[in-house]
Amino acid sequence: MKTTRKGMREGELEKDTYDRLACSECGETLKTRNDPEEVFSVRTCPDCGTEWKELG
């Protein structure tokens, strides 16, 4: 699973008009899943199901 920053650099993710992360392939805004046991959040595309880690 790649990070959101790496996905932005490789063109897999882009920001929409409101600066939200969106999947370049589908154009859908990413959903966030935050597990309290983990240090990172998981960002998921609702259409294709691709996941990225968001550190921070």
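Let's start in a loop: D19 is found between strand β2 (13–15) and strand β3 (21–23). Before going on, a word about the model: it is predicted, so local features need pLDDT of at least 70 and side-chain atom pairs count only at pLDDT 80 or more, while totals for chains, interfaces and linings use all residues. Residues are numbered from 1 along each chain as its sequence is written, and side-chain values use heavy atoms, with hydrogens and water left out.

Back to D19. Its phi is near 65°, a positive value in a residue other than glycine. For background, most residues other than glycine have a negative phi. D19 is also exposed, with a relative accessible area of 55%. On this scale, buried means under 20% relative accessible area, exposed means over 50%, and partly exposed lies in between, using a 1.4 Å probe and protein chains only.

Now the whole chain. As for the helices and strands, they are DSSP runs numbered from the N terminus: H or I with at least four residues for helices, E with at least two for strands. Along its principal axes, the C-alpha trace spans about 30 × 20 × 20 Å. Of the 56 residues, 25% count as buried.

Which residues make up the largest nonpolar core? The six are L13, L21, C23, L30, C45 and W52. A core here is a set of buried Ala, Val, Leu, Ile, Met, Phe, Trp, Tyr and Cys residues joined through side-chain atoms within 4.5 Å. Take L13 from that set: leaving aside its neighbours within four places in sequence, L13 is in contact with residues including A22, C23, L30 and W52. Contact means heavy atoms within 4.5 Å. Across the chain, residues 24 or more positions apart account for 22% of the contacts with a separation of 6 or more.

On to the cysteines. How many disulfides are there? The count is zero, where a disulfide is a pair of cysteine sulfur atoms within 2.5 Å. For C23, the nearest cysteine sulfur belongs to C45 and is 3.9 Å away. For C26, the nearest is that of C48, at 3.7 Å. Is C23 buried or exposed? C23 is buried, with a relative accessible area of 3%, whereas C26 is partly exposed at 30%.

Next, strand β5, residues 41–44, which holds S41. S41 is buried, at 14% relative accessible area. Beyond its neighbours within four places in sequence, S41 is in contact with T32, R33, N34, W52, K53 and E54.

K53 turns up again in another setting. The charged end of K53 sits over the ring of F40, 5.0 Å from the ring centre. For that label, NZ of Lys or CZ of Arg must be within 6 Å of the ring centre and within 35 degrees of the ring normal.

Last stop: E38, in the loop between β4 (31–34) and β5. E38 is partly exposed, at 40% relative accessibility.
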